[in-house]
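Hi,

Here is the structure I said I would pass on. Have a look at it first, and then read my notes on the aromatic rings below.

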Amino acid sequence: MADQQFDIVVLGGGSAGYATAIRATQLGMTAAVIEKDKLGGTCLHRGCVPTKALLHSAEIADVAREGEKYGVLSSVAGIDIAQVNNYRNTLVAGKHKGLQGLLKANGITVIDGLGKLIAPNTVQVGADRIIGKNVVLATGSYSRSLPGLEIGGRVITSEHALELEEIPSKVIILGGGVIGVEFASVWRSFGADVTIVEGLPHLVPNEEESVSKQLERAFKKRGIGFKIGVRFQSVTQDASSVTVTLEDGTQLNADYLLVAVGRGPATQGAGFEEVGVAMDRGFVLANERLATNVPGVYAVGDIVPGLQLAHRGYQQGIFVAEEIAGLNPVIVEDVNIPKVTYCDPEIASVGLTEAKAKEKFGADNVTAYEYNLAGNAKSSILGTSGSVKAVRVNNGPVVGVHMIGARVGELVGEAQLIVNWEAYPEDVAPLIHGHPTQNETIGEAMLKLAGKPLHAI
């Protein structure tokens with residue numbers, strides 16, 4: 001077959017890869033996406049979307065159990081895991097079909113197969129060579145494990161957990177980050193006995209400390225157990241159970257051990273190093289404009305060190321296409337990319353924590369305020385507790401917003417606009433927030449920091 005040539009060749013069809021191609025064609029360039037599995041990558045098929053489908057099923061179960069509190073005589077007779085899985089798979093299949101249609105409508109060539117970089121401008125797929133004026137590396141990530149901890153049998157990753165055809169009666173989760181607390185939330189709602197093991201001092205350790213502490217209190221109330229500040233040592237398993245030993249000698253028994261210690265870059269065997277692309281522990285090194293050290297080769301998404309989020313991938317894909325087109329797009333630092341953890345209660349944040357802000361600007365130059373959701377009518381209607389914390393530079397902009405409570409992920413849009421547009425609380429305070437909404441909590445925090453609190457003390 002003759003070589004195929006394009007303005008941009010994207011290796012990987014996940015969030016970052018297909019976003020690059022879509023923006024490239026909008027700008028008048030030709031683009032090809034090479035994908036060995038399915039368009040949409042981890043996010044659509046093994047990550048964001050299917051896990052949130054499970055979390056929605058879990059939320060419905062919890063609401064049904066609490067119906068009597070709201071005057072609705074409802075209960076949960078059980079969880080039909082086969083139907084839960086069918087709902088999840090149907091949702092994913094629909095989104096996958098829609099994505100295929102979207103790329104087709106944008107005139108993007110999709111090439112099925114395992115691609116390997118063989119030259120700065122060439123990707124080999126089987127016997128074919130796909131040549132691009134620019135090549136964008138977007139091969140995504142995989143579920144990591146710990147050295148010496150082998151995945152198999154009853155030691156599983158999040159991908160395996162999604163495909164379980166049973167609800168474990170008892171499960172241990174290694175890792176108290178985003179993936180760990182989301183699966184803990186799902187399984188607890190489905191009736192499982194859950195224990196999280198986290199080596200750092202708090203659950204969701206990358207979040208504002210007050211948020212981590214509130215999550216720990218909420219999880220205790222829900223009956224989710226956790227061991228924090230103690231490290232995993234070993235695991236043994238038989239046909240029906242696992243036994244986990246921690247470094248302090250504690251032993252835990254369960255049906256499964258879910259290993260949720262983060263994700264690694266899926267770059268092995270892709271030819272990057274052979275072509276001379278600078279790497280570090282499997283990650284592709286790129287400058288702030290996402291260019292690698294090899295001219296004409298860019299990298300986006302989970303293979304670039306930093307936050308591993310689908311929407312970061314979208315942003316980077318759009319950025320690179322615009323960079324190649326000479327539009328000089330604006331850089332968004334990782335710290336100012338919104339994050340959402342979809343456990344119950346939800347966590348959402350953007351920008352600097354109070355501690356990081358004080359470290360950067362000086363303790364005397366930073367003010368923070370934490371608005372309790374107990375003062376918000378809609379949050380009380382929903383039956384959620386939590387808070388919205390805003391961090392500002394004195395006589396300067398808001399540099400961080402950190403939230404915990406049911407549905408607060410839906411508030412992070414305004415929060416990221418405030419932080420990224422470097423708004424002062426005084427800029428936001430006059431703006432109207434609909435009542436009764438949870439969105440008012442951000443308005444209340446801004447009013448307080450602007451020195452004119454309404455429902456805050």
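Let's start with phenylalanine 183: its relative accessibility is 3%, so it counts as buried. Keep in mind that this is a predicted model. Tryptophan 187 is buried too, because its relative accessibility is 5%, and the cut-off for buried is under 20%. Both residues sit in helix 6 (residues 178-189), 4 residues apart, which is about one turn of the helix.

Now for the rings themselves. A pair of aromatic rings is described by the distance of the centres and the angle of the planes. How many aromatic pairs does a search of the whole structure find? It finds 2. One of them is tyrosine 18 with tyrosine 314, a tilted pair with 6.0 Å from centre to centre and 55° between the planes. Tyrosine 18 belongs to helix 1 (residues 15-26) and tyrosine 314 to helix 9 (residues 310-324), so this pair ties together parts that are 296 residues apart in sequence. Are these two buried or partly exposed? Tyrosine 18 is buried, at 12% relative accessible area, whereas tyrosine 314 counts as partly exposed, at 31%.

One more thing to look up while you have the model open: arginine 154 lies over the face of tyrosine 256, and the distance to the ring centre is 4.7 Å.

Cheers

Definitions and conventions. Residues are numbered from 1 along each chain as its sequence is written. This is a predicted model: local features need pLDDT of at least 70, side-chain atom pairs count only at pLDDT 80 or more; totals for chains, interfaces and linings use all residues. Side-chain values use heavy atoms; hydrogens and water are left out. Rings of Phe, Tyr and Trp (its six-membered ring) pair if their centres lie within 6.5 Å; planes under 30 degrees apart count as stacked, over 60 as edge-to-face and the rest as tilted. Helices (H or I, at least four residues) and strands (E, at least two) are DSSP runs, numbered from the N terminus. Buried means under 20% relative accessible area, exposed over 50%, partly exposed in between (1.4 Å probe, protein chains only). A charge sits over a ring if NZ of Lys or CZ of Arg is within 6 Å of the ring centre and within 35 degrees of the ring normal.
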